[in-house]
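Dear colleague,

I am passing on the structure we discussed, and below it you will find my notes on what turned up when I went through it. Please read them with the model open beside you.

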Amino acid sequence: PQCPLPAAPAMAAPPAPAVSPEPPGGLVAVAQVTSTADKEHNWRQCSALVRRAAAAGARAVFLPEGFDFIGDGPQHSLALAEPLHGDIVGRYRQLARECDVWLSLGGFHERGQDWDSTGRIYNCHLLLDNSGALLAAYRKLHLFDAALPGAPALCESSFTNPGREPVSYTHLDDNPAGELLPPIDTPVGKLGLAVCYDLRFPELAQALRGAGAQILTFPSAFTVPTGAAHWEVLLRARAIECQCYVVAAAQTGRHNASRASFGHSLVADPWGTVVAQCHEGPGLCLAQIDLGYLEQVRRDLPVHGHRRGDIYGALPGTPGTQWHNVSP
């Protein structure tokens, strides 16, 4: 504390200079894990990586789709699923507080409010701030139904509802259907939420970019055949065409006898360069988000200003697109 000035005891001490808030951007951490049906195993694995990331100075940590569990089949997944107010989300809210980090929980098996009537779940990407507040969620729009040669058939739509509206945790019951969840302001930049198979639909990424996204997230559990063929090229394409950072946390390795994931979590910058990457096995990669560089790329190559909406339609996210205003 400052001592009073003896020559002018009646004069108030000058105010302390204002502390400017830290500008957005900085270090992010991307976790890669091998989830199983054992929730405790998954919690130990993920929480240890979050603590490692926080100790390294990360402002935000990204976990992959299925961070909570990957079941042995649709019925098993339904049995293991929890509501948003359940134990799993509660643990991660406490972890965010303890570690003072924002958490992107990339694909939570959510028993929604319609669980009793539908018997189906949602694939829900949750965003927690560093106080543990549950700010928003994105329910996966595009469900993965595919039967590829040499791989087990996956039919997500057999037990999962597609998302129709965002969730604001101050108004759970009054969100109109058919609106998109806009980018969320975070300490590392404006974050656009998506999940895995959404990566194949550039319209969603373009809509988020049009609404101001600086970072696009694609937490995933890509199969080995599709990952080997398409994972990196799709992520880099979304980064290049949207001139955004792309953060993609991924599952890796064998989850059970019939299912395995590709891994190779990565961060790509707005030029499409892969600036951080995991390979195989659980782990962590770190990357700096430089929003000044992002703006430079957009100035030097102003792609979005060159679009010919008069010929082929307006850019998704421009006036006319319905956005839900999330106000925590």
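Helix H1 covers residues 39-55, and at 1.5 Å a residue its 17 residues should span 24 Å, which agrees with the 24 Å that separates its end C-alpha atoms. Please keep in mind throughout that this is a predicted model. At the start of the helix, a side-chain oxygen of Asp-38 comes to within 3.1 Å of the backbone nitrogen of Glu-40, and just after H1 the chain passes through Gly-57, whose phi is positive at about 100°.

Which residues of H1 are buried? They are Asn-42, Trp-43, Gln-45, Cys-46, Ser-47, Leu-49, Val-50 and Ala-53. As background, an α-helix has 3.6 residues a turn, so residues three or four places apart point the same way. The cover over the buried residues of H1 includes strands E1 (26-32), E2 (60-63), E3 (102-110) and E17 (283-289), together with helix H3 (87-99).

Thr-34, in the loop between E1 and H1, is also worth a look. Thr-34 counts as buried because its relative accessible area is 13%, under the cut-off of 20%. Its side chain reaches the backbone oxygen of Thr-252 at 2.6 Å. Leaving out residues up to four places away in sequence, Thr-34 touches His-41, Asn-42 and Gln-45, and also Gln-251, Thr-252, Gly-253, Arg-254, His-255 and Pro-282.

Two residues other than glycine deserve a check of their backbone angles, given that most such residues have a negative phi. Asp-100, in the loop between H3 and E3, has a positive phi near 55°, and with a relative accessibility of 51% it counts as exposed. Cys-196 has a positive phi near 40° and lies in the loop between strand E10 (189-193) and helix H5 (202-210), but Cys-196 is buried, with a relative accessible area of 8%.

Among contacts between residues at least 6 apart in sequence, 70% join residues at least 24 apart.

Finally, a word on confidence. The mean pLDDT is 87, and 84% of the residues reach 70 or more. pLDDT stays under 50 over residues 1-20, where the model has one contact beyond four places in sequence, and pLDDT also stays under 50 over residues 167-178, although the model has 29 such contacts there. Where pLDDT is low, the predicted coordinates should not be read in detail.

Notes. Residues are numbered from 1 along each chain as its sequence is written. This is a predicted model: local features need pLDDT of at least 70, side-chain atom pairs count only at pLDDT 80 or more; totals for chains, interfaces and linings use all residues. Side-chain values use heavy atoms; hydrogens and water are left out. Helices (H or I, at least four residues) and strands (E, at least two) are DSSP runs, numbered from the N terminus. The expected span of a helix is 1.5 Å times one less than its number of residues. Buried means under 20% relative accessible area, exposed over 50%, partly exposed in between (1.4 Å probe, protein chains only). Contact means heavy atoms within 4.5 Å. A polar contact is a pair of N or O atoms within 3.5 Å; within protein, one must be able to donate a hydrogen and the other to accept it, and residues adjacent in sequence count only if both atoms are side-chain atoms. pLDDT is the predictor's confidence in each residue, from 0 to 100.
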